[in-house]
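Please read it beside the sequence and the model.

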Amino acid sequence: MENDLNLKATELRLGLPGSDEPERQMIPRPNKRTLSDIVSEGSRSTTEEDHQDTAPPAKLQIVGWPPVRSYRKNCLQGKKDEVEGGTGMYVKVSVDGAPYLRKIDLKVYRSYPQLLLALENMFKLTIGAYSEREGYNGSDYAPTYEDRDGDWMLVGDVPWEMFISSCKRLRIMKGSEARGLGCV
Amino acid sequence: MNYFPDEVLEHVFDFITSHKDRNSVSLVCKSWYKIERYSRQRVFIGNCYSISPERLIARFPGLKSLTLKGKPHFADFNLVPHDWGGFVYPWIEALAKSRIGLEELRLKRMVVSDESLELLSKSFVNFKSLVLVSCEGFTTDGLAAIAANCRFLRELDLQENEVDDHRGHWLSCFPESCTSLISLNFACLRGEVNLGALERLVSRSPNLKSLRLNRAVPLDTLQKLLMRAPQLVDLGIGSYVHDPFSEAYNKLKIAIQRCKSIRSLSGFLEVAPHCMSAIYPICGNLTFLNLSYAPGLHGNKLMKLIQHCRKLQRLWILDCIGDKGLGVVALTCKELQELRVFPSDPFEAGNAAVTEEGLVLVSAGCPKLNSLLYFCQQMTNAALITVAKNCPNFIRFRLCILDPIKPDPVTNQPLDEGFGAIVQSCKGLKRLSLSGLLTDQVFLYIGMYAEQLEMLSIAFAADSDKGMLYVLNGCKKLRKLEIRDCPFGDAALLEDVGKYETMRSLWMSSCEVTLGGCKAVAEKMPSLNVEIIDESEQMEFNLDDKQKVDKMYLYRTLVGHRKDAPEYVWIL
């Protein structure tokens with residue numbers, strides 16, 4: 001190689017470096033390689049170019065594999081998002097008027113009463129009892145949460161499991177704003 | 001037999017119900033053919049492009065029940081483009097124009113539009129049963145038409161379909177006069193349903209035996225439904241999330257205990273694992289349990305549940321059950337015939353929680369096992385040999401190692417010997433799916449021993465054409481062969497083209513077959529449709545016969561080239 005550019009070394013190819021597979025396909029067909037090619041290629045770049053976002057070496061990402069119906073894949077993807085976070089589910093908690101936020105692990109609690117008690121203890125306030133009709137009416141504070149859609153919801157309306165899977169952060173509202181919620 | 005009047009023969013034929021047997025009967029002589037065709041009520045068409053609706057109607061004027069399958073099996077795994085075909089509309093249109101009194105329609109992997117459902121609902125006065133499996137193309141509007149117009153509907157069974165849910169009131173479209181429902185399955189719908197309408201519908205359906213709910217049906221509605229339908233035999237629970245100290249939960253416990261007929265349980269699409277004890281009273285009677293959509297249920301809670309299910313014959317589960325959990329199955333479920341273990345994480349290869357150990361345990365504990373679908377982390381030859389010895393009765397054996405070319409991790413050998421043991425031991429094997437590192441040798445075994453094999457699925461296997469040739473030469477009863485990413489080329493494809501006429505279909509993708517090879521098959525066998533599926537449009541620009549074909553699907557047909565193929569499908 002007299003040429004400093006060393007074009008052969010930088011050539012974009014489908015084979016392992018050093019192999020002389022002729023360029024016959026115009027379209028890249030990843031399935032044509034053996035899987036070990038795919039795996040080993042993942043662990044080192046075959047060209048000087050930077051291949052971003054290639055699959056990490058240990059994981060194989062092949063079209064149609066594993067052979068699972070797309071319906072099932074779609075269902076479990078949704079659940080994956082829910083069940084994730086096995087090591088704790090920390091969410092921010094803000095209280096109107098407080099100088100800084102706190103964080104709590106929702107996974108620690110098994111029910112709404114437990115959670116509300118913990119919040120009351122943490123912030124030294126009284127939230128009171130939940131009723132479906134009136135929310136937390138009668139109390140100075142109302143616990144609310146931001147759900148996956150970005151909406152602010154009253155804590156307590158949905159089943160517990162549904163709540164912890166959709167809660168992104170908590171906000172304890174205070175005063176007239178809080179009381180206003182009960183009238184909705 | 002020539003001396004019997006037609007009515008007698010017809011009466012005799014009434015006892016012959018299997019499609020295969022009736023097909024055989026029709027081949028005996030002209031007279032039998034005639035009697036058989038007029039008396040035939042149920043027809044099964046495994047490939048909707050093998051025959052036309054017109055010919056079906058002409059031959060079987062007494063048709064009442066039709067089963068149709070559309071897309072090839074690998075369409076389930078996104079290997080077939082969306083609009084490849086399999087449209088049901090022309091069938092319904094033709095049947096509607098005829099005098100056929102259709103009562104039952106069962107479709108698999110077909111494209112079903114709302115227009116077809118509407119036409120179906122309005123064209124057949126006695127229509128009773130609609131079963132859609134893995135179909136797409138319709139919305140809840142189509143379901144509303146079925147509900148509203150099919151006055152004697154008995155069965156609406158939707159399994160794993162992609163439905164565009166308009167959150168309309170399709171359930172409310174069942175008129176008050178509709179009291180004939182026996183089976184209602186809408187578990188695959190993602191949207192809200194009118195709970196009041198559902199409760200009223202169940203209340204006025206005294207014959208309801210099978211009810212599978214979707215995620216949007218909460219626990220307290222479930223409890224009300226069970227109170228109204230204690231005669232249920234098959235139940236699919238939607239949402240199973242509640243506070244174990246609530247009134248709703250107590251009511252549910254009572255309701256479940258009244259349901260003494262439940263033999264089949266599924267769903268738990270949303271589940272609170274610490275509330276499963278309410279289910280225990282009915283577990284002892286269950287013969288079918290499907291928890292494959294409940295990843296929230298695992299560990300001890302799952303094992304405790306299974307320990308109550310001593311009569312299980314079929315179990316569908318996720319791999320989070322683990323080898324240990326499968327050990328519990330082996331100890332508890334002595335009547336087990338079918339086991340399916342699905343991956344709980346189908347996106348990341350290499351994370352399955354079951355290995356060969358779990359399978360060996362089940363094979364040792366469940367001698368009646370005859371049907372298996374098993375997604376696992378790894379497999380060994382020793383394990384497969386043991387399984388083959390323990391369970392010689394396999395009819396279906398589908399193994400999927402998540403890393404598709406993984407060898408035996410203990411010996412580092414291919415899995416040829418293991419699968420060889422399976423086909424040699426299981427003389428009744430009809431369906432086989434292979435995975436793991438495999439050479440031509442396993443195909444030699446398959447060709448030699450798998451005499452009853454009807455369907456074979458191969459991926460990332462073999463070394464040469466010999467593999468495919470062993471199979472084509474050896475498996476006399478082969479009907480469906482589907483192959484991906486194997487080094488099989490024209491030599492194998494062209495060795496015995498007559499064989500394909502004895503089969504329903506052959507799929508080959510990412511193999512070594514060329515355009516020229518496919519053309520040769522098409523030329524020699526006019527009774528086959530040879531389809532080249534090429535979305536990249538390479539075929540347009542490069543008509544070189546030496547070009548490798550990415551996807552080829554060929555099937556026998558009596559009606560020549562289909563007219564509804566999209567642009568990227570070439571029929572040679």
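1. B:Arg562 lies over the face of B:Tyr49, 4.5 Å from the ring centre. The charged end of B:Arg562 also sits over the ring of B:Trp84, at 4.3 Å from its centre. A charge is taken to sit over a ring if NZ of Lys or CZ of Arg is within 6 Å of the ring centre and within 35 degrees of the ring normal.

2. The model is predicted: local features need pLDDT of at least 70 and side-chain atom pairs pLDDT 80 or more, whereas totals for chains, interfaces and linings use all residues. Residues are numbered from 1 along each chain as its sequence is written, chains are lettered from A and ligands numbered from 1 in the order written, and side-chain values use heavy atoms, without hydrogens and water.

3. B:Tyr49 and B:Trp84 belong to one aromatic cluster with B:Phe74, B:Phe77, B:Trp507, B:Tyr553 and B:Tyr555. Rings of Phe, Tyr and Trp (its six-membered ring) pair if their centres lie within 6.5 Å; planes under 30 degrees apart count as stacked, over 60 as edge-to-face and the rest as tilted.

4. Over all chains, the count comes to 24 aromatic pairs. The rings of A:Tyr112 and A:Phe163 are tilted, with centres 5.3 Å apart and planes at 50°. A:Tyr112 is buried at 13% relative accessible area, and A:Phe163 is buried at 0% (buried means under 20%, exposed over 50%, partly exposed in between; 1.4 Å probe, protein chains only).

5. The rings of B:Phe342 and B:Phe375 are stacked, their centres 6.4 Å apart and their planes at 25°. Both B:Phe342 and B:Phe375 are buried.
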